[in-house]
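Reader: Hey, I'm new to this one. Can you walk me through it?

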Amino acid sequence: MKHVIALDVGGTGMKAALVGADGTLLHQARRATGRERGPDAVVADILDFAAELRAHGVRQYGEAASAAGVAVPGIVDEAEGVAVYAANLGWRDVPLRALLTERLGGVPVALGHDVRAGGLAEGRIGAGRGADRFLFVPLGTGIAGAIGIDGRVEAGAHGFAGEIGHIVVRPQGAPCPCGQRGCLERFASAAAVSEAWAAACGDPDADAADCAKAVESGDVRARQVWQDAVDALADGLVTALTLLDPRALIIGGGLAEAGETLFTPLREAVRRRVTFQKLPSLVPAALGDTAGCLGAGLLAWDLIDTTDPSYPSEVTT
Ligand SMILES: [Zn+2]
């Protein structure tokens, strides 16, 4: 059976899968990224992991994967196939596509950006299925974004398109590691809400999920922390929808796991801010933490021209 290899490399863990032509996850595996051993060891592990998946495909499906897709964090040159920089992995200018192509016996390899790959999957087979224009915004340790246009995700001229987390929503607000002050991710990421709720309730271990539970049980302090985050997020999203006019806003990441505790006030806060703009649908992401891996698989499938006679569409038995 024809399949591709998909790898999603994160700061702490790597997720991998063999993905079928219909986007089905045929086989999944995870392991630690082990970034404390340095960037060279991480790259070696990525290559080993991909080679193991290839071998698994040969054993299980009687043929090697037809292509591979890898999603990585940081700055990615998708056209050149180079992982340019990732603060949390410590690498610079790793020619990952060429290294993987060599290790996997010459099959086509796509290198993508983790959030854009996740957005691609949410847009094609997840919460945005059928939406020709969407914005995917995962609310995690930070806040990122992926701009979906007609079945692809816009990278921008320098690979920075979609960085909604660094839109200033509170001028002169809290400093951000990016060098600016008052960036959206300082107020509405899961990490920012965790920090604000820990300070408000006095428990240093309390996190955003605890805050959501306290909101649901009617805690006044929690409601204030939560509403501050919702207002900041709505300010950022309205800036984005004014520029992009998306059909759907897909919100994911840890904070979105609060469900309607987030989405009900957020829809209301966005609606209140909109004047002439058309309101997009505001929906939770559907693919969870497999989005990046599925997106890497889609990037791989996109490389295979199914009309090419050298890629038979049926497996000989
Ligand atoms: Zn910033």
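Reader: What do the side chains of Asp289 and Arg30 meet in?
Author: A salt bridge, 3.3 Å from N to O. The term means a side-chain nitrogen of Lys or Arg within 4 Å of a carboxyl oxygen of Asp or Glu. Bear in mind that this is a predicted model, where local features need pLDDT of at least 70 and side-chain atom pairs count only at pLDDT 80 or more, while totals for chains, interfaces and linings use all residues. Residues are numbered from 1 along each chain as its sequence is written, and side-chain values use heavy atoms, leaving out hydrogens and water.

Reader: Where do Asp289 and Arg30 lie?
Author: Asp289 is in the loop between β13 (281-284) and α9, and Arg30 is in strand β3 (residues 25-32), so the pair ties together parts 259 residues apart in sequence. Helices (H or I, at least four residues) and strands (E, at least two) are DSSP runs, numbered from the N terminus.

Reader: How many salt bridges does the rule count?
Author: The count comes to 19.

Reader: And how many across the interface of domain 1 and domain 2?
Author: The rule finds 0 there. Domain 1 is 3-117 + 289-304 and domain 2 is 130-285, with bounds from an automatic or database domain assignment.

Reader: What area do domain 1 and domain 2 bury between them?
Author: About 600 Å², 66% of it on carbon and sulfur atoms. Buried area is the accessible area (1.4 Å probe) that two parts lose on being put together, summed over both. Ile75, Val115 and Arg116 supply 82% of the area that domain 1 buries against domain 2.

Reader: New topic: at what angle do the axes of α3 and α9 cross?
Author: Roughly 80°, and the axes come within 7 Å. Axes are lines fitted to C-alpha atoms, for helices over the stretch in contact, with angles from 0 to 180 degrees between N-to-C directions.
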